[in-house]
Amino acid sequence: MAHSARTDCPELPDFFLLKRLARDQLIYLLEQLPGKKDLFIEADLMSPLDRIANVSTLKQHEVDKLYKVEYKPIVSTSDQLCFLIRPRIPTVKWICDVANADKAAGRFRRYKIIFTPQKFYACDAVLEEQGIIGDVTTDEWSFYLLPLDDDIISLELPEFFRDNFLAGDQRWVRTAGSALHLLHSLYGPFSKVYGIGRCSKMAYESWREQVEEGEQKARQAEIGKVFLIDRDVDFVTPLCSQVVYEGLVDDIFKIKCACVEFGPDVTSSDKSIKVMLNSQDRVFNEIRNEHFSNVFGFLSQKARNLQTSYDKRRGMDIKQMKTFVSEELKGLKQEHRLLSLHIGACESIMKKKTKQDFQELLKTEHSLLEGFEIRESISYIEEHINRQVSMIESLRLLCLLSITENGLLPKDYRSLKAQYLQSYGVDHLLTFANLRQLGLLVEQQPGETLTVMESTVGKLVNDRTAGKLSDAFSSLAKKSNFRALSRKLNLVPKSDEEYDLRVPRDMAYIFSGAYVPLSCKLIEQVLERDGWTGLEEVTRLLNGHEFAVTGSTGADSKAKNDAQRIILVMFLGGCTFSEISALRFLGRERGCKFIVVTTAITNSSRLLEALLDNLV
């Protein structure tokens, strides 16, 4: 492909150990309830559980039947019920209803609740309030991290974003700290930790507390530097349309725990097929980070090469044919099957994106990022809303307009909000309140132009005598300052330069050369400078909470030097496949490798759906 990796890139740590630890602990907890039992699993735990312990593994440990938690009376006849759930109050109340219904019917059963990744005090309070705390046993399954691929690990906590950034509920921060502690204890010690964002700082402090409480064991470091970043530091990147192959597959087919279900339109049959999308899929591994415009050409060439490999059979003698069948044919058939699926997926993507006037949409996004033709972009958004093209897409464009322009003019805000509510329903009033709270869609206050904002920030930077710098900055907390950040970090490459997407020169290729993701640019700058020195104005525009801490150094060795080129990046609040592709590109350029740890894989749809609130 177009990307050529440096030959001296270090090897990544083996994260299979995380799966094994999680599986062994789950088995131990199930065996605490000896004998046959039925297992009730919360819906959003089913896919992660399947990656850790499949049905046959559970059956070996006396799980008789599996049920999905459905918040209705149960049909199980077993005398032992085990519930594998997230620590959510509605689920705990449902379990109380099940137990109390059994009591009323005079039926005796044993109940066990396994909370994952941890149990909260509120759950015990509900059990006590409902009068069944003495009838159930509770345990914690410390399942913090699910490896999705060699370089992607997920906490599988999509609710982290809304709970923490919108509701101000910080209960998951300790979970993030515990996840970091687990990685540190298995693959540390870390030499440097950098971070930006309030949540990142709290997660770091939670991790440090756990390190200080536990034993310190000397071990070979496998990971060097760590970077923690809050999602609200960069909202622009997840709001932009994804154009790398893996991002588009996620947007259209929804990748779940590194698995995707391709329907009949892709498989060219009447069946749907589930496919694992990771580095084990050789075809996918070569195209996942590519700009979509390059993918079809690559797949066509791959198909021709495959045909050439098949054609080798002609003219073979019996011995050669036997060798070919035993050594090559199985691999060729597997590659052929995967190639067919990815070609089908590409055709499906092209059909859908052509139907939605995708090029026009991208042109509007690029105009917003560059700050040109804003009135034309507003007209496009109005047309999008009035044609009722897509509720989420319309909201995404409104948010992108607001962030890049540092808020909407009052008349534009009122007009666009009215049109949106008329088109999609007035029950979305609460959604607008949520977006305003997060600074995603706001109205400029009188006299609050971009210039005024920049001069205010400049004054705050210089005025250190007042001693209330952080307080003053918190008053600007919901301002994006995108234009100022864009100029200081050169996030939008000059449009008059020709950009060759086949041979990308920087991370902007993931957005067709129009924009370098702010999150990834920050990581690049901090690693180059070995800290935040020289980026003071940038961090102030981002409302601060940045930190850089030197950790353990360990012994000098080649292994240590290799570890220094393994960089772990933890996104708190979700990360997109586009950002992962950008970091892989950066790693190839710098001769290092990035491991991405995220609370969940996100995209514009998931981000905005988490903020939707209907009044009805």
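Before counting anything, I noted that two strands pair if DSSP finds at least two bridges between them. I also kept in mind that this is a predicted model.

**Entry 1, the sheet.** I looked up how the strands are arranged, and I found 5 strands in an open sheet, ordered β2-β1-β3-β4-β5, with parallel pairing. The edge strands are β2 (63–68) and β5 (136–140), each of which pairs on one side only. From one strand to the next, the twist averages 20°. I then followed strand β1 (residues 37–41), which is joined to β2 by 4 bridges, the two running parallel; here K37 stands opposite V63 in β2.

Which residues have the most contacts inside the largest nonpolar core? I found W141, L183 and Y245, in a core of 188 residues. Helix α17 (residues 391–404) gives the most to this core, namely 8 residues. I listed the residues that W141 touches beyond four places in sequence, and among them are A22, L26, L49, I114 and P117.

I looked up S241, which lies in the loop between α9 (236–239) and α10 (245–253). Is S241 buried or exposed? It counts as buried because its relative accessibility is 9%, and the cut-off for buried is under 20%. The side chain of S241 makes a polar contact of 2.4 Å with the side chain of E365, and another of 3.0 Å with the side chain of R396. Apart from neighbours within four places in sequence, S241 is also in contact with F358, L361, L362 and F511.

How values were computed. Residues are numbered from 1 along each chain as its sequence is written. This is a predicted model: local features need pLDDT of at least 70, side-chain atom pairs count only at pLDDT 80 or more; totals for chains, interfaces and linings use all residues. Side-chain values use heavy atoms; hydrogens and water are left out. Axes are lines fitted to C-alpha atoms, for helices over the stretch in contact, and angles run from 0 to 180 degrees between N-to-C directions. A nonpolar core is a set of buried Ala, Val, Leu, Ile, Met, Phe, Trp, Tyr and Cys residues joined through side-chain atoms within 4.5 Å. Buried means under 20% relative accessible area, exposed over 50%, partly exposed in between (1.4 Å probe, protein chains only). Contact means heavy atoms within 4.5 Å. A polar contact is a pair of N or O atoms within 3.5 Å; within protein, one must be able to donate a hydrogen and the other to accept it, and residues adjacent in sequence count only if both atoms are side-chain atoms.
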